[in-house]
Structures are given as C-alpha cells and as structure tokens.
Amino acid sequence: MSGGGWVATFDDVTERRRVEERMTHLAHHDTLTNLPNRSMLRERLDQALSETKDGSLAIFSLDLDHFKAVNDTWGHPSGDWLLKCVAERLQRCLRNETDVVARFGGDEFVIIQFNLKSPGDAEKLAKRIVEIIGKPFRDKRHDMRVGISVGIALFPNDGKDTDTLLKNADMALYRAKSEGRNLYRFFEPAMDAMVRARRALEIDLRAALSRREFELDFQPIMNIASGEIVGAEALMRWRSPVRGLVRPDDFIPAAEETGLIVPLGEWALRKACTTAAGWAPLRIAVNVSAVQIKSGTFARSVISALAFSGVPANRLELEITETVLMDESDLVLKTLRQLRDLGVRIALDDFGTGYSSLGYLRRFPVDKIKIDRSFTRDIDSRDTAAIVRTIIGLGAQLGITVTAEGVETEAQLEFLQKEGCVEAQGYLIGVPSKASDINRLLKSNATIRQSG
Ligand code: C2E
Ligand code: MG
Ligand code: MG
C-alpha cells in the first residue's frame, strides 16, 4: 500500500478445479456408460506403445450382435440400460488393473489388455467376454439377450502402431461376424487379402453397371388352388467376363455397402417392369434393398418405372426384408406407405428368418408374406410343419397372401395345399429362367384356363 503495509487476496479455486476436472472427464469419457471414449483409448494406446519395448499387449474390437433388435423390440431406454450393463460386465471381465475398456460409440467397444504372457491370455479373456455377455440381461420386465463378436490383434506381431492395431482388430471382428457371430477371431494376414478381394469386387461392380453386364431371370409363382402361374419374381444375375456368372448373394452385399445398389436396383425395377409389361395379369415381383428405400429417390424411381413401362401399380410387388422395416427413420415407412397408397403391393421376403417378424407385421401392413425356403425344406419335421401351418393361418386371418418359397417336391406342395397356403414358388414349379421361358409358360396358363 502507498503508506506501507500490504493486502493479501485469497481466491478459492476448488470449484474451478472441480469444473476443469469435470470437463476433462467429459472429454475423455462416454456419458452413457462412463467408460473411456475413443480419444482417451487412443491416447492410452499411443502412450503404451511408446513405452512398451518388449512387452506384449492385445487389442480387442468388440461389437454386440442383434443390439438393433433390442432397441427395436424393447425401445431405446431399454437399449441404453443394456449398454450400461454390458459396460459393467466387460469391466468385470478384466483381470488386470491396468487393462482398459472403452466405448467407441453405438454398440462398439475396444479393450486393451496389457502384459500378455502368451496369446492364450487374450484367448481366455475373449472366451470370458463371449460367455458373460451371452447371459441374459434382466431388467424389471424383460429378459433381453444379445451376443458379442470379438476381433483380436496382438502387439507387436499384428501391428506396431495404434492405427494398424485397431484396423486389424476390426478386420478380425469382421471375420467373427461373418462366421456366425457370438465368437472371437484373431487377426490373420489372410484377412488383409480378403479385404483386398472385396475392394476388387467393388471396383469390378462399378464398371459392370456401365458395361451392362447385369441380367434378370424370372421365377414363376403359382396359385396352388388353381395351378395357374400368377406372378414372376425378377432375380438379378451378373454375367462378368472375368468372374463368370455371379449370384446375387455374392454381389448384392457389396453393392449395398457401396451404394451401387441404388442405380443397380433402379435398373432392375425398370427392366423388370418393361419385360413384364405384356404379361398381364401376372404380377411382377422385384427385390428391394433397405439402402434403396433410404436413398430418398426410391418412390420417384418406382413411379417412373411404372409410367415408363405402362404396368399398373397393382401388378408390381416390392419384396422387402425385415431389415427394411427395422430402420427407425420415418422416411422408410413413409415411402412404403406412399407406394402402397398408389396400389403397389409390398411383400415381406424370407419371413421367419429375422428376429421379430411378428412385430413388423404390426408396424407395417404388408400384402404378402413369403415363407422362407428354410421352412419349406424342413416341412416334414413336426415342429416346422406347425410353424408353417401357423403362418398360413396368420396370413388368412390378417388377409395377407402367403407364398411358400423353395418348393422342390410334390410332398411339400401337397402339404401346403392341404394347409391352405395361397401360392408356391420353387424349383418344382419353375427355376429362375429367361423372360422367353415365362412367355411360354403363359401360353400353358391359357391352356389350363381353357381346359378348366
Ligand atoms: P430371394 O428374394 O429370397 O429369392 C429367392 C432365391 O431362392 C433365389 O436365389 C432363387 O433362385 C432361390 N430359389 C428359388 N426356388 C428355389 C428352390 O426350390 N430351392 C432352392 N434351394 N432355392 C430356390 P437367388 O437368385 O440366388 O437370389 C438370392 C437373393 O438375392 C434373393 O433372395 C434376393 O434376396 C437377392 N436378390 C436377387 N435379385 C435381387 C435384386 O434385384 N435386388 C436386390 N436388392 N436383391 C436381389
Ligand atoms: Mg425375393
Ligand atoms: Mg426369399
């Protein structure tokens, strides 16, 4: 002070410190589960890799199986609750104080396991995780089940830096998923080759569209009671000059992942409609992927295919799978409803193979159910017969046409007829074939009508 003496000021920074700590915590943790988040895990891994010279560690990439179905069936609050329980269980699986489990977003988690003595340690942890997450989660009202798939990359063998290790653990996870889920896989260099093969397929596919290498086959659908052909399903084929004839199961997933299914599906729709224009009164069925409907231009391309071909809306049937209805956005349901209002029929394909088929029937009113061919195949087992009988009865009650897929034998057809199934499709009735063969079939239809 000017006259001597001094003033001391004190500032209580406890609160500020607390806020700062809280902010740092928030920046590094996931708010739902309170686990470390992606950025924190990467930091920990970077740090560990710079410190570890000879030690060994394992990176686990984890992804829940069927989590979407939980959200769908029980609602988001239940989904959130389940994620918290999964986080707790994962933490309990860890044996080592320093091991870290982080949530990467959605239903994805990553674990760093330190101080491995051998890969066997990682395997033990993976087994524990798969077993413990596979046990049911019980909240007050329901019993929920999910599984978990695990991909593992080991340092230093499978990578020496954070990006490579995470990428390779993901690749192993991808393998675990494709081999049936609810299991773990270690990274192998061959997986790299697989991913490269997939890239090559995608590049080829892109070129194939402009080179017009795609074709449609048509498989007849029969009304069981009258024996008449009442429709045909368009099935896509890729005639590649280098790969030969490629089946849809081998290229549709790649086309979906790259978005190429949008122009490809649009082509199929237009081609199917123009080909079938002269086939009245046959219905023409076209398979549609979720990606197409979500693209936002789907309704327009359907309307344009109808207008271009002159096929009336009620002769077009769009075959969707449950994954389409699993989508939570309004866009999908709105688009389907709009098309249905125009008279386009909607069929639920591969019925019974999904997770909550019955729920989807309530969510969207379909015109047709196609019983998956795995049921038809086992129709002589008592349990499967009971299921098929029930689906047929369900269809009758709801006023929905039921079509059995994959009918290959007279015995199967006889069973379906006895149970009152409306339509049948399969090798017994006709294999997928060229449009000209359908024309020939239509002539024999006329004969049936004359003689009947
Ligand atoms: P899907 O829609 O369930 O089509 C029926 C599949 O069962 C076809 O296989 C057909 O050839 C086969 N099939 C028919 N009858 C029998 C039978 O009696 N026994 C057996 N074992 N199989 C039979 P395909 O042509 O290989 O098609 C496979 C799947 O690819 C289709 O299953 C459909 O989901 C998809 N797909 C085909 N074309 C298109 C398309 O244009 N767009 C989209 N998004 N998906 C398509
Ligand atoms: Mg189909
Ligand atoms: Mg099917």
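Visitor: Why is glutamate 319 called buried?
Guide: Glutamate 319 has a relative accessible area of 2%. Buried means under 20%. So glutamate 319 counts as buried. Keep in mind that this is a predicted model.

Visitor: What makes asparagine 287 partly exposed?
Guide: Its relative accessible area is 30%.

Visitor: Why does the pair of asparagine 287 and glutamate 319 tie together parts that are apart in sequence?
Guide: Asparagine 287 lies in strand β11 (residues 283–287). Glutamate 319 lies in strand β12 (residues 316–320). So the pair ties together parts 32 residues apart in sequence.

Visitor: Which residue bridges the two magnesium ions, ligand 2 and ligand 3?
Guide: Aspartate 349 does, and the ions lie 4.2 Å apart. Asp349 is also among the residues that come nearest to ligand 1, with Arg237, Ser289, Arg373 and Glu408.

Visitor: What makes the approach of arginine 237 to ligand 1 a polar contact?
Guide: A polar side-chain atom of arginine 237 lies 2.8 Å from an oxygen atom of ligand 1. The cut-off is 3.5 Å between N or O atoms, so the pair qualifies. Glutamine 219 has a side-chain N or O atom 2.9 Å from a nitrogen atom of ligand 1. Tyrosine 427 uses a backbone N or O atom, 2.8 Å from an oxygen atom of the ligand. Taken alone, ligand 1 exposes 800 Å², and the protein buries 89% of that.

Visitor: Which element gives the most to the shell around ligand 1?
Guide: β9 does, with four residues. The shell divides into seven nonpolar, five polar and 10 charged residues.

Visitor: How do you know that β13 and β14 pair?
Guide: Pairing needs at least two bridges. Strand β13 (residues 345–351) and β14 have three, in the parallel sense, so they pair. Leucine 348 has isoleucine 369 as its bridge partner in β14.

Visitor: Where do the side chains of strand β14 (residues 368–371) point?
Guide: Lys368 and Lys370 point one way, Ile369 and Ile371 the other. In a regular strand, side chains alternate between the two faces of the sheet. In β14, all of these residues are buried.

How values were computed:
Residues numbered from 1 in each chain as written. Chains lettered and ligands numbered in written order. Predicted model: local features only at pLDDT ≥ 70, side-chain atom pairs only at ≥ 80, totals over all residues. Heavy atoms only, no water. Buried < 20%, exposed > 50% of the residue type's maximum accessible area, 1.4 Å probe, protein only. Helix = DSSP H or I, 4+ residues; strand = E, 2+ residues; numbered from the N terminus. Near = heavy atom within 4 Å. Polar contact = N/O pair within 3.5 Å; in protein donor to acceptor, adjacent residues only side chain to side chain. Areas by Shrake-Rupley, 256 points an atom, 1.4 Å probe, with all protein chains shown as cover. Nonpolar A, V, L, I, M, F, W, Y, C, P; charged D, E, K, R; others polar. Donors = N, O, S within 2.8 Å, 3.2 Å for Na, K, Ca; no water.
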